Amino acid sequence: AIFEAAPVLLEESKLQYMKQFASYAHHVIFVHGHQTALPLLARLREVKVSTPQERVSRFEKYYLYSMGLIVGVGEKASPEFLNEFAAELEALENDLAVGNRLLASYIQADYFVVQGDYSRALYWTNKFLNHPRTNLRTDLQAGMRLINLLIHYELGNLDLIEYHLKSAYRYIYKQERMHHYERRFLRFFKDIIAANDGSADFEIMREFRSDIIEIMKDPFEERA
């Protein structure tokens, strides 16, 4: 409120304003829920940025944070927001921290999987997996390999699943952190490949769903 009441202060302290505003929105989530925070965060979209650092901050505090909330509550983002998100990410490709670049692609892939738009999800998955090798965000890297398998399954690219399954297993195994749900996901796709003709897919899916429900009762797995 201080910044908005005094535009000169806002102009001189945009980074501080965006940081404090995002922190306030985070507090609002705990008190009033996600739905209240989204329109609140949208006010950051109107901040006129003039430096790469300010633009990065706006992307992280508004676009990236909002996208995470949208995915978290299962809402549908507007086409305008999705287009702006993609355009800003492309423009800031060399300015964003590696971890946030990966997170941005991961969240987009996750969003489009939930929406059932697997072709667009695959675009973001490929963008993520084609990123130069890094030891950062290995949790996202493991998760994206599972999402990649799911996308190819939904698109009917069964001929590609075996290759990606081996790649996913190698990566996750190398991290020495394979969770039960990851192991079960990998086994699901192994079973799908073994069935070959699709005749047993329903039973495989039923057993998989039942196992995942049991696994996620473990608090450690739920937090993974």
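A crossing of two helices is left-handed if the near helix is turned anticlockwise from the far one by less than a right angle, and right-handed if clockwise. This is a predicted model, in which local features need pLDDT of at least 70 and side-chain atom pairs count only at pLDDT 80 or more, while totals for chains, interfaces and linings use all residues. Residues are numbered from 1 along each chain as its sequence is written, and side-chain values use heavy atoms, with hydrogens and water left out.

Select residues 158-174, helix 10, and residues 180-195, helix 11 (helices are DSSP runs of H or I, at least four residues, numbered from the N terminus). They pack at about 155°, with axes 10 Å apart; axes are lines fitted to C-alpha atoms over the stretch in contact, and angles run from 0 to 180 degrees between N-to-C directions. Helix 10 is therefore roughly antiparallel to helix 11 (an angle over 145 degrees). Their crossing is left-handed.

Now show the side chains between them.

Move to helix 5, residues 52-73, and pick Ser 66. Ser 66 is buried, at 3% relative accessible area (buried means under 20%, with a 1.4 Å probe and protein chains only). Beyond its neighbours within four places in sequence, Ser 66 contacts Leu 38, Leu 41 and Phe 81.

Next pick Leu 69, also in helix 5. Leu 69 is buried at 7% relative accessibility. Leaving out residues up to four places away in sequence, Leu 69 touches Ile 29, His 34, Ala 37, Leu 38 and Leu 41. Finally, select Asp 95: its C-alpha atom is 23 Å from that of Leu 69.

Technical notes. Helices (H or I, at least four residues) and strands (E, at least two) are DSSP runs, numbered from the N terminus. Buried means under 20% relative accessible area, exposed over 50%, partly exposed in between (1.4 Å probe, protein chains only). Contact means heavy atoms within 4.5 Å. Angles under 35 degrees count as roughly parallel, over 145 as roughly antiparallel, 65 to 115 as roughly perpendicular and the rest as oblique.
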